[in-house]
Structures are given as C-alpha cells and as structure tokens.
Amino acid sequence: MVIAARDVRLTLGGSAPVEILRGVDLSVAAGESVALLGASGSGKSSLMAVLTGLERATGGTVRVAGQDFAALDEDELAIARRGRLGIVLQAFHLLPTMTARENVAVPMELAGMPDAFARAAAELDAVGLSHRLDHYPTQLSGGEQQRVAIARALAPRPALVFADEPTGNLDGETGERIMDLLFDRRRATAATLVVITHDAALAARCDRIVRMVDGRIAA
C-alpha cells in the first residue's frame, strides 16, 4: 500500500474545537488512481493535507510511501515528501519571479537532484510547453500555468501524486484538456494518483471513487 491510513481524526480550534475528520480508514495501492469525492466541507481536502504531511492528524495512524508520518517532525516530514510526493493545487502556486523552467527546476535543484534544468525542460516539453520555457507565469494562460504545475509535480518522478481540485480555476474545455494531460503523464510515470474533487464526472475517470460526507468515508 502506498497509503495506509487508519482511524484518522483531525480536530481544529482551541476553546471551540471542530472535528474535521472522524475516523477515516483509507488504503491506496501502488499504481492506483483514486478520487476523493465530496461537497465543500466534506473533509476531502483536510484528508489530503494529512496524507501529504501538511497537517498533523490528532488521532489514528498515517503511513505514506513507507513512512510513518505521525513519528516524524516537521523537517523529517519535508524530507519524506521530497521526491516521493507530487502535489497539484487549484491555485497553481507558481513563483511569479521565475520562468516556467525555473519553477519546475528550482525545487529539484534545492533537493539536490541532478540535471534539474534539463529534467525541467524535458517535463515541460512532455506537457506541450517547450515553446514557453522562459516565459513568466503572468505571460501564460491559466491552462498553461496548470501545465507548469503538473510538470513541477511530476518531474522528480514521485511515487504518489495528489491533485486538489486541479481544474477549479479553469474553464470547462481547458479543464478537460488538463485532466487528459494529468492522466496521460500519470500513466507515463507509473505514479499513484489521488484526485480531490467535487466533480462526479472527473471522479469517474479514476479506478476507484471514495465518497466523503461530514469527515467520514460514506462509500
């Protein structure tokens, strides 16, 4: 299992705590594509935050890519994510002062990976942006920016890729093309894919759908 989560709980807030995740069990096998499907507030993005180590569970166990996340401190979590987890978000999160190539290459370079800029160029070529290597985010369309984000997530060849509402800032036609690209690149790299979405049609493209309601897995 690339993901093995058992009785995961997440409670936030001090004097008036709110239970966000209420005993989630989830297993994801290597090479599988899984959709976490649910309405806003169902807990799916919070579960992703726990599974990526960006949020600590307040109960249960979380093992991701062979690592026990509960046993790791913040520095160790950052090291555990590096090269193993790729994340594609709705809001792109590209650095505006860096070109497309730099946005993809610099995280790999900082992680000490070899040939970072050559790998970045190759991955950008794979997502159809070989002609945009030296363009800045403001010079790119929304779809092009999301392609850069996909290249950045997949260039290190992570075993596990998370995509949180990856088409949320795109029009319908562009969103379809981006999802075609994400699934194509996932197959090419043999990555496990977890898609967080409220869109049933997008979820249906995955091998398995996990429906979340009120912080629990409903089906």
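So, axes here are lines fitted to C-alpha atoms, for helices over the stretch in contact, and angles run from 0 to 180 degrees between N-to-C directions. Helices are DSSP runs of H or I with at least four residues, numbered from the N terminus.

Quick housekeeping: this is a predicted model, where local features need pLDDT of at least 70, side-chain atom pairs count only at pLDDT 80 or more, and totals for chains, interfaces and linings use all residues. Residues are numbered from 1 along each chain as its sequence is written, and side-chain values use heavy atoms, with hydrogens and water left out.

Okay, the helix pair. H5 covers residues 142–154 and H6 covers 172–189; they pack at about 15°, axes 10 Å apart. Angles under 35 degrees count as roughly parallel, so that's what H5 and H6 are to each other. Who touches whom, with contact meaning heavy atoms within 4.5 Å? From H5 we have Gly143, Gln146, Arg147, Ile150 and Leu154, and across from them in H6 sit Thr174, Ile178, Leu181, Leu182, Arg185, Arg186 and Thr189.

Now over to Lys44, which lies in helix H1, residues 44–51. Lys44 is buried at 6% relative accessible area (buried being under 20%, with a 1.4 Å probe and protein chains only). Skipping neighbours within four places in sequence, its contacts include Leu36, Glu165, His198 and Met212. Ala39 is on that list too, and its backbone oxygen lies 3.2 Å from a polar atom of the Lys44 side chain. Asp171, 127 residues away along the chain, has its C-alpha 22 Å from that of Lys44.

Methods. Helix = DSSP H or I, 4+ residues; strand = E, 2+ residues; numbered from the N terminus. Parallel < 35°, antiparallel > 145°, perpendicular 65-115°, else oblique. Contact = heavy atoms within 4.5 Å. Buried < 20%, exposed > 50% of the residue type's maximum accessible area, 1.4 Å probe, protein only. Polar contact = N/O pair within 3.5 Å; in protein donor to acceptor, adjacent residues only side chain to side chain.
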